[in-house]
Amino acid sequence: MKRSTDLVYLHQVSKSFPATLRGGEPIQILESVDLTVQRSRAIAITGNSGSGKSTLLQIAAGLMGCDHGEVWFEHEKLGEMDNRALSALRSRRMGFIFQASLLLEDFTASENVEMAAMIGGSSKGEARDKAHEILSLVGLSARLSHRPDQLSGGEKQRVAIARALVNEPAILFADEPTGSLDEGNAAMVEDLLFSLVRQKEVALLLVTHNLSFARRCDEIHRISERNLEVIG
Amino acid sequence: MNPVSRLLTLRKLGIGANRAARRRVIFNIVLITLVVSILVLAQIFVVSMSRGIADKWALLADGHLQLYVDKRQPMIEHPSIETIDRVGEVNALLYSPDKNQMVRVKGVEQSYFNDSRLAQLTITQSENASPSTLAKIMISTTLAERLAVKIDDRLALMLVSNDAIRAQLCIIGALYDTGYHELDEQLVFCDLDFLEHLFTSGVTVYYEVLTQERNLETVKGDFERAGYMATTWKEQNPALSGNLETSRQAVLAVMVAVAILCGYFISELSSQMVEDDKARIATLHLIGAQPQVVRRAYWTAVMVITTVSIALGTALGILFARQLPPLLATIAARSYSALSFYLLDFPIRVPVLDLSIIASVLFCVSAVSVHLSLRRVSAIDALSCVRFD
């Protein structure tokens, strides 16, 4: 049963994909999955490749619909929201980090973050101030006017973290955020991510196959055989 | 404008973007500018040529208005009347030693060739004319070539009427060239007194009024109210004036059709932009940008490119057109037979209304087709940015 303090609530969620582009017998990825993310809590989802970790994160963020079940964000049912409302929700209440930094190539580090702030409703001046502040928090105050192609992989991911957090979202969805980084950069990004999430009291839904990374979360869930089980 | 749209628009226009992005924008501007400049040049060329033909016909062949009256000078006051000249006209056969040609002989007074008319033709006078009692006529260089004669040569002018055949020997006192062979090959000028003396009853005498084309109907109305019988050059030459107007409208219709195609091409440009930027647009959707904000940015960027290109293309087309007269003069000097029925000597006139129509159609078609093509922005799934990477 959904509680009023739950931030994200998934109830009996099932998802399948067609076997081929022409249809055929669908492949069941998730079956009757329940998941609750409470405010300021960090939840890790682990599992083998292809087990449906990313699919679950995308359904929880409203980026993908489910076949059956309900997905709630705060007091709203995502399945009943139109695209406009979902966009507004993503811009103000959610942050995203993926394995690739997904920065806008034509924009500087500062502009990438400013863009997210402006989409979240800030004026141009406010967006610039917020962007500079959070980029200095992630240690990139000297890289404000650098374009993505002038940044290292670790720096790009730090810009992505800054962009995800600039609107002070309620939750950060992170899908293998260190997957493309070397060990040193991965550790630095992990530290930064957790330090900011704790500092800003943001909930975290982290998808990773890296157990040591997952262990830094408050809860660890594992997807196995289309179901979710708590393992720590 | 929304700050997100503004920033996206500026970047799509290459402002603050990398060199490759700027090159793409410049390439698109150059491409559209070239198409527009060709449309503008073609329209200016056709309109200028049509008006050039109309001017030559009105000024040299018939006058803007013809008044059929007795010998009294028609007198009305109108600020747009430039001159009123008494002329006589007769159809005759012109004989050279080897050939002959049916011509329209026009008897005029000394004052006939005023500045407006002189601007329509070049006259070559005899340099060492020997004194002669023969009447002097002025034929065109086209006619001289056809009759195989030159200046100072003699010709026989023969009037064939119902009751008599009268011939008169005359001398070529000057050659003229209007550049329009259809007019040149049939028009011969001579002194009005000579024509009246020689052909008496066969000569049609009337008054030619020169005025401004735009005031033609007003002036005609004024003459008619004063009791004169007036005919405009258009009424006198309905086929010619109708053909000129139809040609202008037909060419304008073709230009408008090309502008519509060009508008469609511009929408392809926006479609290509969106196709190239799919991953970027998906990322914007992922971080919460509303599709209409993204659409507006792309629409504005494409329309700025279009507007700048239209302005540059129009300016360039006018500039090219201004360079045409020397080029046409060179072509005319080479006397290509294929071009003999075209007027190659005319002043360049910028048809502001026609160009405005072409530019407006291009802008409106682009605006609508780009708007429609950008609907695909909404269909780009936020998640697709993850798939692209």
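## Worked exercises on a two-chain model

The C-alpha centres of domain 1 of chain B and domain 2 of chain B lie 50 Å apart. We're working with a predicted model, where local features need pLDDT of at least 70, side-chain atom pairs count only at pLDDT 80 or more, and totals for chains, interfaces and linings use all residues. Residues are numbered from 1 along each chain as its sequence is written, while chains are lettered from A and ligands numbered from 1 in the order in which they are written.

**Exercise 1. Work out which residue ranges make up the domains of chain B, and how they touch.**

Step 1: Get the bounds, which come from an automatic or database domain assignment. Domain 1 is 3-54 + 242-388, and domain 2 is 82-210.

Step 2: Count the contact, taking residues as touching if their C-beta atoms, placed from the backbone, lie within 7 Å. Domain 1 of chain B puts in seven residues and domain 2 of chain B four.

Step 3: Sort the domain 1 side by class: five nonpolar, one polar and one charged. (Ala, Val, Leu, Ile, Met, Phe, Trp, Tyr, Cys and Pro count as nonpolar, Asp, Glu, Lys and Arg as charged, and the others, Gly among them, as polar.)

**Exercise 2. Describe how chain B meets chain A, then zoom in on one helix pair.**

Step 1: Chain B brings 20 residues to the contact and chain A brings 24.

Step 2: On the chain B side, helix 1, helix 10 and helix 14 (384-388) each give two or more residues. (Helices are DSSP runs of H or I with at least four residues, strands are E runs of at least two, and both are numbered from the N terminus.) By class, that side has 12 nonpolar, five polar and three charged residues.

Step 3: Now zoom in. Helix 3 of chain A and helix 1 (residues 3-12) of chain B have axes that come within 9 Å and cross at roughly 145°. (Axes are lines fitted to C-alpha atoms, for helices over the stretch in contact, and angles run from 0 to 180 degrees between N-to-C directions.)

Step 4: Glu111(A), Met115(A), Met118(A) and Ile119(A) meet Pro3(B), Val4(B) and Leu7(B) here.

**Exercise 3. Is helix 10 of chain B largely enclosed or open?**

Step 1: Check burial; a residue is buried if 20 or more other C-beta atoms lie within 10 Å of its own, exposed if 12 or fewer, and partly exposed in between, with C-beta atoms placed from the backbone. The buried residues of helix 10 include Arg280(B), Ile281(B) and His285(B).

Step 2: Seven of the nine residues of helix 10 (residues 278-286) are buried, so the rest of the structure largely encloses this helix.

Step 3: Look just past the end of helix 10, where Gly288(B) has a positive phi of about 105°.

Note on methods:
Contact = placed C-beta atoms within 7 Å.
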